[in-house]
Amino acid sequence: MARILLVDDEISIKRVVEQTLEREGFAVDYAADGLAARDLFARRRPDLVILDVMLPEIDGFELCRRWREVSDVPILILSAKGDIVDKSVGFNCGADDYLTKPFSPVELVLRVKALLRRSRQGRTDRVETAGLQIDASQRRVWVDGREVELTPKEFDLLWFLARHPGRVFTREQIFEHVWGDDVLSDLSTVTVFMRRLREKIEADPRKPRYLKTIWGVGYKFVAG
């Protein structure tokens with residue numbers, strides 16, 4: 001069952017969208033403002049987001065921009081702001097689709113299913129590169145044919161970076177995606193886990209092959 005995060009401060013819209021999607025067999029999480037949406041996104045890891053633009057606390061365009069920096073989750077903007085300028089801003093922020101209010105519930109369902117279908121077709125649960133194999137479906141890792149035991153968070157960290165080879169992420173972005181709203185951890189946790197992960201998968205942790213530090217910026221995964 002796909003999980004959808006609905007972000008909209010209009011209760012009438014919430015009722016229509018929630019009922020429509022649940023009838024189609026989707027699980028729906030709901031947030032009425034940007035802060036709640038940010039926390040739910042990190043905690044629930046939705047398969048798709050339906051996002052209004054005009055929101056309290058953090059507006060929809062800013063949320064879309066932040067999420068696109070750390071995730072490939074499909075984002076459908078659902079907004080009364082329907083002119084070409086607003087649509088252009090939405091797509092430039094990273095939205096995958098844009099539907100204006102008022103809308104047809106039937107069309108909404110068709111668009112949601114199409115986005116999920118494309119997302120699944122483009123998704124892989126396995127990364128193989130230069131002696132390193134990662135199987136997300138089994139949450140297992142091998143280095144040069146030898147299986148390496150990782151903790152759940154170590155695996156989450158490695159998988160997040162490996163899914164975006166060559167892309168540099170700040171510690172803040174990594175922490176938000178991997179640890180979410182864990183109030184018992186802070187940014188130093190990223191540094192500690194990166195060191196532990198290198199000790200497990202790198203031949204020489206001081207000269208890492210896969211997990212590179214970009215000084216003053218963050219970290220990236222190098223394939224090949």
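Contact means heavy atoms within 4.5 Å. The model shown in these views is predicted.

**View 1. Helix α1 packs against helix α5.** Helix α1 spans residues 11–23, and helix α5 spans residues 105–121. Their axes lie 10 Å apart, at an angle of about 60 degrees. That makes α1 oblique to α5. The crossing is right-handed.

**View 2. Side by side: the residues where α1 meets α5.** From α1 come Val16, Val17, Thr20 and Leu21. From α5 come Pro105, Leu108, Val109 and Val112. By class, this contact has 7 nonpolar residues, 1 polar residue and no charged ones.

**View 3. A salt bridge joins glutamate 154 and arginine 196.** The N to O distance is 3.2 Å. Glutamate 154 lies in helix α6 (residues 152–162), while arginine 196 lies in helix α8 (residues 188–201), so the pair ties together parts 42 residues apart in sequence. Glutamate 154 counts as buried, because its relative accessibility is 1%. Arginine 196, at 30%, counts as partly exposed.

**View 4. Aspartate 86 pairs with lysine 81 in a salt bridge.** Here N and O are 3.8 Å apart. Aspartate 86 has 13% relative accessibility, so this residue counts as buried. Lysine 81 has 27% and counts as partly exposed.

**View 5. Glutamate 128 forms a salt bridge with arginine 126.** The closest N and O atoms are 2.6 Å apart. Glutamate 128 counts as exposed, with 52% relative accessibility. Arginine 126 counts as partly exposed, at 33%.

**View 6. Salt bridges link four residues in a network.** The members are Asp8, Glu10, Asp52 and Lys101. The structure holds 22 salt bridges.

Methods: Residues are numbered from 1 along each chain as its sequence is written. This is a predicted model: local features need pLDDT of at least 70, side-chain atom pairs count only at pLDDT 80 or more; totals for chains, interfaces and linings use all residues. Side-chain values use heavy atoms; hydrogens and water are left out. Axes are lines fitted to C-alpha atoms, for helices over the stretch in contact, and angles run from 0 to 180 degrees between N-to-C directions. Helices (H or I, at least four residues) and strands (E, at least two) are DSSP runs, numbered from the N terminus. Angles under 35 degrees count as roughly parallel, over 145 as roughly antiparallel, 65 to 115 as roughly perpendicular and the rest as oblique. A crossing is left-handed if the near helix is turned anticlockwise from the far one by less than a right angle, and right-handed if clockwise. Ala, Val, Leu, Ile, Met, Phe, Trp, Tyr, Cys and Pro count as nonpolar, Asp, Glu, Lys and Arg as charged, and the others, Gly among them, as polar. A salt bridge is a side-chain nitrogen of Lys or Arg within 4 Å of a carboxyl oxygen of Asp or Glu. Buried means under 20% relative accessible area, exposed over 50%, partly exposed in between (1.4 Å probe, protein chains only).
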